[in-house]
Amino acid sequence: MDIIVCVKHVPETAEAEIKINPDGKGVEESGLVFDINEWDDYALEEAVQIKEKLGGTVTAVTVGPEAAGSTLRKCLARGADNAIRLTDPKFEGSDSYAIAKILNKAVKDLHFDLILTGAQAGDDSYAAMGPILAGLLGIPHATMIKKIEFNNDTIRFSRELEGGLEEVGEVRLPTLLTIQTGINEPRYVSIMGIRKAMQKEMKILGLTDIGLGEDEVGESGSWVRIEKMYVPPVEKQAEFLKGSPEEIAAKVAEIIKARGLV
Amino acid sequence: MSKIFVLAEHRRGELREITFEMLTKGKELAEKAGAELTAVLLGNNVREYAKTLAEYAKKVLLVQDAKLENFNSEAYQKALSNLIQEHNPMLILMGHTSFGVDLAPSLAVSMNMPLATDCIELQYEGGVLTVTRQMYGGKVNVNATLRKAEGYIVTVRQATFPAERGTPANGEIVEVPSPLVQEEIRKRFIEYVLPPPGGVDITAADTLIGIGRGIKDSEEIPSIEELAKILGGTLACSRPIVDKGWLPDNRQVGSSGKTVKPKVYIALGISGAFQHILGMKNSELIIAVNKDANAPIFGVADYGIVEDLFKIVPPLKSKLSELKG
């Protein structure tokens, strides 16, 4: 089973404060910690577990600048065999469509049975790149996958719907699946893994290497162009409780008591 | 007359709420653009749904086929492509749901129609489509324009637009023959699996303590459980806690978990991704503790505390114990 995993190097923002740049087109990156996109982390783990069970190879691919190399190193250290980083100043400003076009060119001539990627990215949250790539490659896909079982040339999958409901289906290989968080338990990087990763090769390809035109990537090759970023208006303004932790705790206790809940 | 398509979403015997939310928004857009609001219904034995949709839309395009009975993005894409080729809609709305997410991107590629996903607002002016969507887990809003085209596809976030009935549209129902051929489909639907019954029912609790990523370590959970016990409440959580296996999935609040409406919801270390907010924003009283003053959870909370939750929980436990006497 040869598997390609598409990963993205993104800032961790769930626990971080975000500052929007003065031009309103991006966020202040200094002070943010970048790592593999959380959903892709589960996709990589799934790929490595499948390889361990069925044999074959895992190739990690990303589109991103030099710093994104650390995410690929992590993939190699966790069990990927090969890594490809697609990079070019012209890729700047690409949306999920442009990214999918870049990845399509890079993987279409590789041998693969399965492509895995995260169900969405924690930064732009399009949840679209995977199935767009499947569309470009002309292979079937299924999204938000919580379980994978192999059965000859098909995969029986379970995908997450709303309200705790799951859908079981079957798809023919080769296929692309987007992985939902919680499907497995991503492993930690071992010292041995890091050592091995040092010896593995990381391929770097640019715009001309993959044979795309300038206008097919970046902002001009995208469907969506960001005009302005701003802090979301709040639905209702919370009353902020201030003071020492003890004072705040006393206020909270009073509020709860006033509702007759103590 | 140009058309705006709204793809009806149905599952297990009912039209889903997002359908009516999109029809309401679609009507507003159609009136402004002088377009015809058209509901697209793909299914099997669903004429009853078509009648309901005709109360909202000027036209209902109905395609019936056994292969469309349950959602299958591949079969849906084929049927929908056929309708797009015939009607050239200027805009197609579908839900940013497990269905829309599976269908919209590959449809957009094959029809060469620009796509924007998870939109919370959209405007169509002078042939240019402008959308509002969110990034970084709801911490940033983005206004974006789509590349100019004859037709666009937009997936719409659930529970964002109200579902209004308005004056009945008395729409016309047009049944179109199914273009599906058996051997073409590479993906098939097998079955729906319901969450296992039993266990703790967080929807029945008056007091819920919801924990999120800010809890950092599973070893902290017993001390939060103590707080829940003092309050006679129940422990609930956001998605990352279930993903890590720290709490079972019957404790998860949000679009992929439970929708709750307790008398009080205390959110500890939950930043408030919209999937979580959808599940708890109608709680009677919301108290949120988070280190980031700009966390979206404060946008739905009645009371906010910008502080490390571990500094608040211990004194809160003692104050509440005192009050109980």
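This is a predicted model: local features need pLDDT of at least 70, side-chain atom pairs count only at pLDDT 80 or more; totals for chains, interfaces and linings use all residues.
Buried means under 20% relative accessible area, exposed means over 50%, and partly exposed lies in between.

**Exercise 1.** Classify the two partners of the salt bridge between Asp109(A) and Lys108(A) as buried, partly exposed or exposed.

*Solution.* 
1. The closest N and O atoms of Asp109(A) and Lys108(A) are 3.4 Å apart. The cut-off for a salt bridge is 4 Å, so the pair qualifies.
2. Asp109(A) has 68% relative accessibility and therefore counts as exposed.
3. Lys108(A) has a relative accessible area of 39%, so Lys108(A) is partly exposed.

**Exercise 2.** Locate the salt bridge between Glu162(A) and Arg11(B), and state whether its partners are buried or exposed.

*Solution.* 
1. In this salt bridge the closest N and O atoms are 3.1 Å apart.
2. The pair crosses between chains. Glu162(A) sits in the loop between β8 (154-160) and β9 (166-172) of chain A, and Arg11(B) belongs to strand β2 (residues 10-11) of chain B.
3. Glu162(A), with a relative accessible area of 12%, is buried.
4. Arg11(B) is at 8% relative accessibility and is likewise classed as buried.

**Exercise 3.** Determine which parts of chain B are tied together by Asp102(B) and Lys187(B), and how far apart they are in sequence.

*Solution.* 
1. The two side chains form a salt bridge with an N to O distance of 2.8 Å.
2. Asp102(B) lies in helix α4 (residues 98-111) of chain B, while Lys187(B) lies in strand β12 (residues 187-193) of chain B. The pair therefore ties together parts that are 85 residues apart in sequence.
3. Asp102(B) is buried at 2% relative accessibility, and Lys187(B) is buried at 6%.

**Exercise 4.** Name the residues of a salt-bridge network that includes Lys146(A), and give the number of salt bridges over all chains.

*Solution.* 
1. Lys146(A), Glu160(A), Arg239(B) and Asp243(B) are linked in the network.
2. Over all chains, the structure holds 35 salt bridges.

**Exercise 5.** Describe chain B by its secondary structure, burial, contacts and charge.

*Solution.* 
1. Chain B contains 8 helices and 17 strands.
2. Of its 325 residues, 61% are buried.
3. Take the contacts in chain B between residues at least 6 apart in sequence: 63% of them join residues at least 24 apart.
4. The chain carries 37 positive and 39 negative side chains, and the centres of these two sets lie 2 Å apart.
5. Its accessible surface is about 12600 Å², with 46% belonging to carbon and sulfur atoms.

Definitions and conventions: Residues are numbered from 1 along each chain as its sequence is written. Chains are lettered from A and ligands numbered from 1 in the order in which they are written. Side-chain values use heavy atoms; hydrogens and water are left out. Buried means under 20% relative accessible area, exposed over 50%, partly exposed in between (1.4 Å probe, protein chains only). Helices (H or I, at least four residues) and strands (E, at least two) are DSSP runs, numbered from the N terminus. Contact means heavy atoms within 4.5 Å. Accessible areas come from the Shrake-Rupley method with a 1.4 Å probe; for residues, only the protein chains shown count as cover. Lys and Arg count as positive and Asp and Glu as negative; His and the chain ends are not counted. The place of a charge is taken as NZ of Lys, CZ of Arg, CG of Asp or CD of Glu.
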